Amino acid sequence: MAYLLSKLVVLGGFAGLAASQASVTVDIGTKYQQIDGFGFSQAFGRAKEFQNAPASTRQKALDYLFNITTGAGFSIIRNRVGSGGRGDSILPNSPGSPSGKPSYIWDGDDSGQFWFTKQAASYGVKTIIADAWSAPGFMKTSGSDATPGFLCGTTGHSCSSGDWRQAYADFLVQYVKYYNEAGFKITHLGFLNEPDYTPGYSQMQISSNAQEAISFIPTLYKTAQAAGVDVSLICCDAMGWQMQSTYTTALANAGSTQYLGVITSHSYTADARSPLGQTDLPTWNTEAGPGSGSGNTFVSTWYSRGANEEGFTWANKLAVAMVQANLSAYLFWEGFEIRQTQSGSHLVDATDGTEPKPSGIYWAFAMWSRHIRRGRAAGAQSVKTSFGGGVSVGDSAQAWLTNQGNTFASTEAKTDGAAVTVSVPGRSVVTLKVAGGSGGKS
Ligand SMILES: *[C@@H]1O[C@H](CO)[C@@H](O)[C@H](O)[C@H]1NC(C)=O
Ligand SMILES: *[C@@H]1O[C@H](CO)[C@@H](O)[C@H](O)[C@H]1NC(C)=O
């Protein structure tokens with residue numbers, strides 16, 4: 001397991017430090033939250049685009065994203081459970097009524113996400129999220145998966161077609177079973193995406209008191225249990241930290257958190273800056289991006305003016321989220337796309353159609369994700385090191401520098417027994433790693 005062992009793990013020269021030496025003490029005897037990993041999605045056709053890319057392009061992009069020595073070593077993927085028509089959803093047609101027999105269709109492709117999952121797994125990815133943006137349209141008050149509506153049968157939403165809660169739970173668990181049976185274990189299951197937002201694609205609403213989620217979660221939990229499907233339920237992928245905080249209060253007060261494994265939020269309308277606090281469940285930022293409008297293009301810039309699309313902006317965001325908001329995982333929106341440079345919402349792009357290139361933001365993620373991975377830390381077991389105040393770190397400290405001119409350049413880490421000294425230039429980030437003991441002390 002990898003744990004955040006200090007509040008000062010990634011040392012940022014956030015303000016362009018002046019000439020005086022900054023003194024940093026890392027107490028590796030203090031253990032903070034467990035880190036579950038870092039990741040991204042290839043939803044909405046991007047998995048298929050990835051799969052259809054030329055073989056060498058595909059291989060290079062996969063290495064950029066998943067390789068733990070040459071790439072970012074991402075360890076979490078987030079697949080979309082389709083809720084639309086045939087080719088998108090495993091249940092394109094209504095069984096007529098909630099008690100009708102559903103005709104599931106598994107095409108073994110899942111819009112390219114099955115191939116993508118297989119590739120990720122071949123690099124050792126073990127954390128797989130399946131998240132539904134919506135229930136199939138016929139289960140909703142609006143009758144469509146792509147217009148605002150609620151799940152029929154949840155508190156406050158009765159429909160003439162009946163109560164579809166059990167049918168939606170069956171649908172979600174069936175999706176998980178298709179992957180599990182093929183040997184790719186879905187570890188986390190979500191039934192909402194941005195329920196506080198009403199776009200014109202797959203989406204489903206909940207009220208700010210989360211009453212719909214509260215009235216559905218126990219059904220989903222019991223259905224997974226009864227099917228023998230071992231999966232952690234997640235909720236609610238709100239647009240921002242503030243709304244997710246409101247939802248979490250409601251879920252905790254209603255006792256719903258006992259059925260959940262992780263609290264999930266996005267960070268479009270509010271960044272994660274402080275712990276949610278209402279529950280002891282781990283919290284993950286499951287989607288993030290530079291937003292829309294200016295300052296949202298695909299660029300390799302690390303720092304130029306502090307824009308949303310630059311790497312250093314994200315190095316700051318990640319450090320604040322991981323350290324101050326007690327996050328256990330952080331996922332960007334998409335991974336690989338081809339010639340989509342008008343938007344900075346992905347990490348690697350084959351800008352000329354064949355040669356994948358990482359964005360500046362990619363490096364901000366890589367400095368965390370390459371070295372901090374759940375369950376990958378058992379090295380050096382033969383070295384007995386005790387941790388606590390006044391610990392001896394020996395000469396095992398390593399440091400890497402990332403800034404506008406360097407990507408993961410090895411840099412000097414001076415150790416003198418209990419302390420490690422590194423030089424952190426302005427507008428750059430130094431990743432410091434101290435090895436030894438039962439965990440990778442990143
Ligand atoms: C990662 O990259 C290294 C160096 O190119 C290579 O030897 C290794 O096989 C790659 N790992 C995987 C899982 O492909
Ligand atoms: C941080 O998260 C962990 C779960 O990962 C929880 O047990 C702990 O109470 C949280 N700490 C704070 C300060 O919120």
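Q: What makes a residue buried, partly exposed or exposed?
A: Buried means under 20% relative accessible area, exposed means over 50%, and partly exposed is in between, using a 1.4 Å probe and the protein chains only. By that rule, buried residues make up 55% of the 442 residues here.

Q: Which ground rules apply to this model?
A: It is a predicted model, so local features need pLDDT of at least 70 and side-chain atom pairs count only at pLDDT 80 or more, while totals for chains, interfaces and linings use all residues. Residues are numbered from 1 along each chain as its sequence is written, chains are lettered from A and ligands numbered from 1 in the order in which they are written, and side-chain values use heavy atoms, with hydrogens and water left out.

Q: How many helices and strands are there, and what counts as one?
A: The protein has nine helices and 18 strands.

Q: Why is the packing of α2 and α3 called oblique?
A: Helix α2 (residues 55–66) and helix α3 (residues 113–122) pack at about 60 degrees, with axes 11 Å apart. Under 35 degrees is roughly parallel, over 145 roughly antiparallel, 65 to 115 roughly perpendicular and the rest oblique, so α2 and α3 are oblique to each other. R58, L62 and F66 of α2 make the contact (heavy atoms within 4.5 Å) with W115, F116, Q119 and A120 of α3. That set splits into five nonpolar, one polar and one charged. Here Ala, Val, Leu, Ile, Met, Phe, Trp, Tyr, Cys and Pro count as nonpolar, Asp, Glu, Lys and Arg as charged, and the others, Gly among them, as polar.

Q: Which residues bring α8 and α9 together?
A: The axes of α8 (residues 311–324) and α9 (residues 360–369) come within 7 Å and cross at roughly 35 degrees. G311, W314, A315, L318, A319 and M322 in α8 meet G360, I361, A364, F365 and W368 in α9. The tally is nine nonpolar, two polar and no charged.

Q: What makes D110 stand out, and is D110 buried or exposed?
A: Phi of D110 is near 50 degrees, a positive value in a residue other than glycine. Most residues other than glycine have a negative phi. D110 lies in the loop between β5 (76–81) and α3, and its relative accessible area of 5% makes it buried.

Q: Is R339 buried or exposed?
A: R339 comes out at 53% relative accessibility, so R339 counts as exposed. R339 is in the loop between β11 (327–338) and β12 (346–350), and its phi is also positive, near 50 degrees.

Q: Why is N403 called buried?
A: N403 has 12% relative accessibility, so it counts as buried. N403 belongs to strand β14 (residues 398–403). Leaving aside neighbours within four places in sequence, N403 is in contact with W302, P425, R427 and S428.

Q: How do you know that V434 is buried?
A: Its relative accessible area is 8%, so V434 qualifies as buried. V434 sits in the segment after β18 (429–433). The C-alpha atoms of V434 and Q398, 36 residues apart along the chain, are separated by 6.5 Å.

Q: What kind of peptide bond joins C235 and C236?
A: A cis one, with omega about 10 degrees. C236 is in strand β8 (residues 232–238).

How values were computed
Helices (H or I, at least four residues) and strands (E, at least two) are DSSP runs, numbered from the N terminus. Axes are lines fitted to C-alpha atoms, for helices over the stretch in contact, and angles run from 0 to 180 degrees between N-to-C directions.
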